[in-house]
Amino acid sequence: MRVANYQAHADENALIRAAQGGDGVAFEQLVRSYDQSILRLAMNMLRSPEDARDVYQETFLRVYRNLNNFRFDCSFHTWIYRIATNLCLDQLRKRKVRKEESPVVMTPDGAVDRLDSVAEQRPDLDPQKQLLSGQIRRRVKAALAELSPRERTVFELRHYEGLRLRNIGETLGTTEEAAKNCLFRATQKMRLALGDLV
Amino acid sequence: MSNPMNSDAMRVNPGEMRVNCDAVRDQLALLLYGELNFDEEERADQHIDACTACRSALEQQKALHAAVDDIAVTPSPALLASCRENLFETLDLQAQSLADRRVASSAGTHAMTHETTHGTTHGTTTESWWSQVLSSFEGRWNASWLRPAGAFALLAIGFMAARVVPYVDKGGGANYSAMDLANLGATQVRNVQEDANGRVNIVLNETKQRTVSGNMQDAMIRNLLMAAAKGSSDPGLRAETVTILVNGAVSSDVRDALVFALENDQNTVVRWRAMEGLKSYAHDPSVQTALASVLQHDVNPGMRTQAIDLLTSGTGSAMDRQVIGVLQEMVSREDDTREDNTYIRQRAQRMLEAVKASAGVY
């Protein structure tokens, strides 16, 4: 397994070097290796398909423009996630100032999450469960929206992306301890907000 | 909330069961994420084994995690494909734009393009109008069939714009005529929304350009060029700008801009052109300092070799004391295994002899 990881790492480094040398195909391969994760991260963090698209686009444009500055000081994964999470953080901070509306919009058929139209569909539940599930989901989204941008980012990276706190610290340019404190605060807030649900 | 890192709070002590329960519950999430250290996890596990209430709290925490999992979003393949398409189109546009600028520059055009963006609510990237128009005809890499389609799309946009735009709301929002839209060139519909009264709000991403012309004696042209050399994110544009700026290097502000590019630009071509432009000014202390900095820090061997050549041939005996210090340091770097080091050391040593400085570090 370790040999396989090493091989994958070496292959990726070769791709990066080729892309740094102007190889468009290598760059496209790098994009395809990471873009699904980046789009998922942006969708989960921002809960807006338009904003997620913007973050996706801007992340890879920045990668493209700055690829020659990538010196292999950190993993490419960390570097690209750093760019994407910083863009998401900026967007979340702007929202805190603007107090933007929820992604859930009211329609004649009830509340609809705009993300549902651009997310993979889940298997249908029975109507009663669907109603209950809908209420819980709204509460969870509201609780997430109440987290500070930094807490939200750390929480998303740990919970949805499965990154270790050490990597989160590296990605956000902080220490593992600071990331741990941030995650702790986030989970406490979530527990306080949703304790009655579970 | 107690501090999750305070391990003392976790010690099992029957006399302080309440405190222990609070501490353990604070750590349940970190426990599930596997982010407690070995000792913390051991104490939490022991406590949970012995405490029914905390076992129940752990189950609640698991249910909470499941509820959070339930709102996870996985982008649809269609959205991902659309994002990829947009990204590669934009990259193609940028590559095309760079190529166009090179062509324009080689034709001796010293016109400066000034872009403004307005009407954008979400956009993070703006393309020059001209590059978008050109790219519409040029199409993507390996997609020449798109060229006639792009030309047709432009015609269609113009045709539709002439009919749609006069009906855009003229009451309070943007007030566009068909002529305006034609003049704007590239306009993208970003978002559409219809309110309860049937009014349609259309969010447009618009770019427009204007051209200013002049020669290097014109302060506005010089300032725009210096701003572009320093601030543009496009290395191709910076390289062309620096090439033009070289013609005005007699002016100290332009020289400062070139020195800045030489020391700070991330792109080797830009730094190289800046250094070429400063060749005739190697006697200038600020240029000497910049060349010394290149000698010490530039990652490119060609840049370092050229820097030592300029320092040793262009400065004569009027060498800055700080630069002498750098040369002495280069001479003493016997452990430096960079491929150009032998040459640099020899040149530096010869120069130190010429200015009658010792080869040792001060």
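Tutor: Before we look at any pair of helices in this predicted model, take one convention: an angle between axes under 35 degrees counts as roughly parallel, over 145 as roughly antiparallel, 65 to 115 as roughly perpendicular, and the rest as oblique.

Student: How should I read the packing of two helices, and at what angle do helix 9 and helix 10 of chain B pack?

Tutor: In general, two packed helices are described by the angle between their axes and the distance between the axes. Here helix 9 (residues 219-231) and helix 10 (residues 235-245) of chain B pack at about 140 degrees, and their axes are 8 Å apart. Helix 9 of chain B and helix 10 of chain B are therefore oblique to each other, and the crossing in which helix 9 of chain B passes helix 10 of chain B is left-handed.

Student: Which residues of helix 9 of chain B meet helix 10 of chain B?

Tutor: From helix 9 of chain B come Leu225(B), Met226(B), Ala228(B) and Ala229(B), and they meet Leu237(B), Arg238(B), Thr241(B), Val242(B), Ile244(B) and Leu245(B) of helix 10 of chain B.

Student: Let me turn to helix 11 and helix 12 of chain B: at what angle do their axes cross?

Tutor: The axes of helix 11 (residues 252-264) and helix 12 (residues 268-277) of chain B cross at roughly 140 degrees and come within 8 Å. That makes helix 11 of chain B oblique to helix 12 of chain B, and helix 11 of chain B passes helix 12 of chain B in a left-handed crossing. In the contact itself, Leu258(B), Ala261(B) and Leu262(B) of helix 11 of chain B meet Val270(B), Arg271(B), Ala274(B), Met275(B) and Gly277(B) of helix 12 of chain B, and the residues of this contact between helix 11 and helix 12 of chain B divide into 6 nonpolar, 1 polar and 1 charged.

Student: Moving from helix pairs to the chains, how many helices and strands does each chain have?

Tutor: Chain A has 8 helices and 2 strands, and along its sequence they follow the pattern α-α-α-α-β-β-α-α-α-α. Chain B has 16 helices and 3 strands. Of the 198 residues of chain A, 35% count as buried, while for the 362 residues of chain B the figure is 31%.

Student: How many residues of chain A are in contact with chain B?

Tutor: There are 45 residues of chain A in contact with 35 residues of chain B. On the side of chain A that touches chain B, helices 2 (24-46), 3 (49-66), 5 (127-145), 6 (149-159) and 8 (176-194) of chain A each supply at least two residues, and helix 3 of chain A gives the most, with 12 residues. The residues of that side of chain A divide into 21 nonpolar, 10 polar and 14 charged.

Student: Is Arg47(A) buried or exposed, and is Phe72(A) buried or exposed?

Tutor: Arg47(A) is buried, with 21 other C-beta atoms within 10 Å, whereas Phe72(A) is exposed, with 10 other C-beta atoms within 10 Å.

How values were computed:
Residues are numbered from 1 along each chain as its sequence is written. Chains are lettered from A and ligands numbered from 1 in the order in which they are written. This is a predicted model: local features need pLDDT of at least 70, side-chain atom pairs count only at pLDDT 80 or more; totals for chains, interfaces and linings use all residues. Axes are lines fitted to C-alpha atoms, for helices over the stretch in contact, and angles run from 0 to 180 degrees between N-to-C directions. Helices (H or I, at least four residues) and strands (E, at least two) are DSSP runs, numbered from the N terminus. A crossing is left-handed if the near helix is turned anticlockwise from the far one by less than a right angle, and right-handed if clockwise. Two residues are in contact if their C-beta atoms, placed from the backbone, lie within 7 Å. Ala, Val, Leu, Ile, Met, Phe, Trp, Tyr, Cys and Pro count as nonpolar, Asp, Glu, Lys and Arg as charged, and the others, Gly among them, as polar. A residue is buried if 20 or more other C-beta atoms lie within 10 Å of its own, exposed if 12 or fewer, and partly exposed in between; C-beta atoms are placed from the backbone.
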